[in-house]
Amino acid sequence: VWDSSSTVVDAWADYSKELIETVQDFNSSDARKSRRALQKAWPSLFTPLRRLPFNRGCSGERELAWSEFSFSEFRAIRSRLHLTINDVVLTVVAGAISRYAKLHRQRTKGRVMRVMVPVNARPKSKEGQLGNEVSILPANIPLGIEDPIERAREISEIMEELKQSGLAHDLQRMTNFWGGIIPAAYQAVFGSLINPISPMFNMTCTNVPGPQIPLYFNGVKMERYLPMVPVGHQVGLGCPIFTYNQALVIGMTADTRACPDVVKIKQFMDESFEEVRTAAGVDRIEPIAIPHRPKSQNSPGKRPSARSASGPESILSVQNDEVDLESPVTIGQNPA
């Protein structure tokens, strides 16, 4: 506690500054609009959670699956429906989870799924600073809307209301207070006493944008960029989203006890995207071939050799002083 006192003082100063800024903006038109939206959203977000099939005790063992789509098709859907990429992603995920709930004989009519969506919470006064400023939005996503266009517009309205409510910044202030002002020793004691009967949300759905051109390391192309997120505490499924090289990948990180049939969710994710794409009237869009012309670092006439760490067999082939993988390498296992 004594060693962390200086950190506590700094955290309290930052927290007090945020409170002063909040009080100064309290009577602004944006603040009044935010309070009205928060008052409307708060009751529905913190009611007891209705469990989905994967909201149960976890084993700690993980199984991973991924669905890869054309990012250009996602952007075309966004433009056609006047939504955001996140809205389209959540529409696809909701369609897949609705199918999964029905597979497990759960009704979806009038039902919502509470998703934890990480969002940027960096204030304008901290723009350009290093480090992450991330908060969460606990969004209630409808599962019972069969029409994909109607579902997409409903999700868009829900997310816009949450953004206007300022809920993410309020939750961030609470987190900063707990994580920065309360000493770590006390956090450990209080945290060990908290054992929620029901999870606060059904699943996590986080979107991380990546470069839209292929990346290379020492001449070797990175073929895939596959995401995963932590799961546990009765939240047996998480869906991270990464974009890379004209592709959007929806990952599925599943606990083997809570969600033993994640391969079914991968199948439903593919079906849900096709449903949304067809309803939006978007055709297939092939990726653009981006050539790579690396500068050779070897002197003429010399060809570098490469061997695997586990044995003498070469895992790399050398052609004209360029290094290429003989076959794509995927870290992890995709059960689909």
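**Before you start**

Number residues from 1 along each chain as its sequence is written. Because the model is predicted, local features need pLDDT of at least 70 and side-chain atom pairs count only at pLDDT 80 or more, while totals for chains, interfaces and linings use all residues; side-chain values use heavy atoms, with hydrogens and water left out.

**Stop 1: the whole chain**

Show the protein chain as a cartoon. Its secondary structure comes to 8 helices and 10 strands. Both are DSSP runs numbered from the N terminus: H or I of at least four residues for helices, E of at least two for strands. Of the 336 residues, 39% count as buried. Buried means under 20% relative accessible area, exposed means over 50%, and partly exposed lies in between (1.4 Å probe, protein chains only).

Switch to a surface. The chain exposes about 20000 Å², and carbon and sulfur atoms supply 55% of that. These areas come from the Shrake-Rupley method with a 1.4 Å probe; for residues, only the protein chains shown count as cover.

Now consider contacts, meaning heavy atoms within 4.5 Å. Among contacts between residues at least 6 apart in sequence, 74% join residues at least 24 apart.

**Stop 2**

Select α3, residues 71–81. Axes are lines fitted to C-alpha atoms, for helices over the stretch in contact; angles run from 0 to 180 degrees between N-to-C directions. The classes are: under 35 degrees roughly parallel, over 145 roughly antiparallel, 65 to 115 roughly perpendicular, and the rest oblique.

Show side chains at the contact. α3 brings Phe71, Phe74, Arg75, Ile77 and Arg78, and α4 brings Ile85, Val88, Val89 and Val92. By class that is 7 nonpolar, no polar and 2 charged residues. Ala, Val, Leu, Ile, Met, Phe, Trp, Tyr, Cys and Pro count as nonpolar, Asp, Glu, Lys and Arg as charged, and the others, Gly among them, as polar.

Next, pick His82, in the loop between α3 and α4. His82 is not a glycine, yet has a positive phi of about 60°. Most residues other than glycine have a negative phi. His82 is exposed, at 69% relative accessible area.

**Stop 3: bring in α8**

Keep α3 and select α8, residues 262–280. The axes of α3 and α8 come within 10 Å and cross at roughly 45°. That makes α3 oblique to α8. The crossing is left-handed. Left-handed means that the near helix is turned anticlockwise from the far one by less than a right angle; clockwise is right-handed. Glu73, Phe74, Ile77, Arg80 and Leu81 of α3 meet Phe273, Val276, Arg277 and Ala280 of α8. Those residues divide into 6 nonpolar, no polar and 3 charged.

α4 and α8 pack at about 130°, with axes 8 Å apart. α4 is thus oblique to α8. This crossing is right-handed. Residues on the α4 side include Thr91, Ala96 and Tyr100, and those on the α8 side include Phe268, Ser272 and Val276. This contact has 11 nonpolar, 3 polar and 4 charged residues.

**Stop 4**

Which residues does Thr91 touch beyond its sequence neighbours? Leaving aside those within four places, Thr91 is in contact with Pro148, Arg151, Ala152, Ile155, Ser272 and Val276. Thr91 is buried, at 1% relative accessibility.

Select Asp87, also in α4. Asp87 is buried, at 4%. Not counting residues up to four places away in sequence, Asp87 touches Ile155, Ser156 and Met159.

Move to Lys266 in α8. Lys266 is buried, at 15% relative accessible area. Draw a C-alpha distance to Trp66: 6.7 Å, across 200 residues of chain.

**Stop 4: two loop residues**

Select Thr47, in the loop between α2 (29–45) and β1 (62–70). Thr47 is partly exposed, at 38%. Its C-alpha lies 9.3 Å from that of Met200, 153 residues away in sequence.

Finish at Gln234, in the loop between β6 (220–221) and β7 (237–244). Gln234 has a positive phi, near 70°. At 21% relative accessibility, Gln234 counts as partly exposed.
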